[in-house]
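Subject: Structure handover

Dear colleague,

I am passing on the structure we spoke about, and below it you will find my notes on what was found. Please read them with the model open beside you.

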Amino acid sequence: QVQLVESGGGSVQPGGSLWLSCAASGAIHGLLSLGWYRQAPGNQRELVASIEREGRPTYTDSAEDRFAVSISGDSALKTVYLQMTSLKPEDTATYYCHYEGLGSYGQFEVWGQGTQVTVSS
């Protein structure tokens, strides 16, 4: 099993910055990617940014120039960080950590519990 523990988030004014982190532990030896999705009320969950095991990042268009995703750790614990800058009201959402990996029965994914990000003046 893989366990995800999220931290960070909160409230900030437009133009401000926040960070998120997610620690993945357990059976993470089959890690393929770690990343962040978000879901605003009435919207579908969407990818924000993810990073592959080899360190290659992927961003949604709206996050490309404002957010930075990174990963650190070892075979026992991996942590993915999301540094968010120049935040906009439309970034307001619940942000979910997402783990994708290979296990004994194939590819699987695990979701974090979600952390709220609110951007408002």
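Predicted model: local features only at pLDDT ≥ 70, side-chain atom pairs only at ≥ 80, totals over all residues.

Val 48 belongs to strand β5, and its relative accessible area is 0%, so it counts as buried, the cut-off being under 20%. Between the C-alpha atoms of Val 48 and Glu 64, which are 16 residues apart along the chain, the separation is 9.0 Å.

In soluble globular proteins, nonpolar side chains tend to be buried together. In this model the largest nonpolar core has 30 residues, and those with the most contacts inside it are Leu 4, Trp 36, Leu 82, Met 84, Tyr 95 and Tyr 99. At least two residues of this core come from each of β1 (2-8), β3 (18-26), β4 (31-39), β5 (46-52), β7 (67-73), β8 (77-84), β9 (93-103) and β11 (115-119). If you select Tyr 99 and set aside residues up to four places away in sequence, you will find that Tyr 99 touches, among others, Val 2, Leu 4, Ala 24, Ile 28, Leu 31, Leu 34, Phe 108 and Val 110.

Next comes the disulfide, of which the structure holds 1. It is formed by Cys 22 and Cys 97, whose sulfur atoms are 2.0 Å apart. This pair links distant parts of the chain, since Cys 22 sits in strand β3 and Cys 97 in strand β9, 75 residues apart. Both Cys 22 and Cys 97 are buried. Which hand does the disulfide of Cys 22 and Cys 97 have? The torsion about their S-S bond is about -85°, and the disulfide is therefore left-handed.

The side chains of Ser 21 and Ser 7 are joined by a polar contact of 2.6 Å. Apart from its neighbours within four places in sequence, Ser 21 is in contact with Val 5, Glu 6, Ser 7, Trp 36, Thr 79, Val 80 and Tyr 81.

Finally, I looked at how the strands are arranged. An open sheet is formed by 4 strands in the order β1-β3-β8-β7, with antiparallel pairing. Why is one side of β1 and of β7 left without a neighbour in the sheet? These two strands stand at the edges and each has a single partner strand, which means that one side of each has no neighbour there. From one strand to the next, the twist averages 15°. Within this sheet, β7 and β8 form a hairpin with 3 residues between them, and 7 bridges join these two antiparallel strands. To follow the pairing by eye, you can find Phe 67 opposite Met 84 in β8, and likewise Ala 68 opposite Gln 83 in β8.

With best wishes

Methods
Residues numbered from 1 in each chain as written. Heavy atoms only, no water. Core = buried A, V, L, I, M, F, W, Y, C linked by side-chain atoms within 4.5 Å. Buried < 20%, exposed > 50% of the residue type's maximum accessible area, 1.4 Å probe, protein only. Contact = heavy atoms within 4.5 Å. Disulfide = S-S within 2.5 Å. Pairing = 2+ DSSP bridges. Polar contact = N/O pair within 3.5 Å; in protein donor to acceptor, adjacent residues only side chain to side chain. Axes fitted to C-alpha atoms, helices over the stretch in contact; angles between N-to-C directions.
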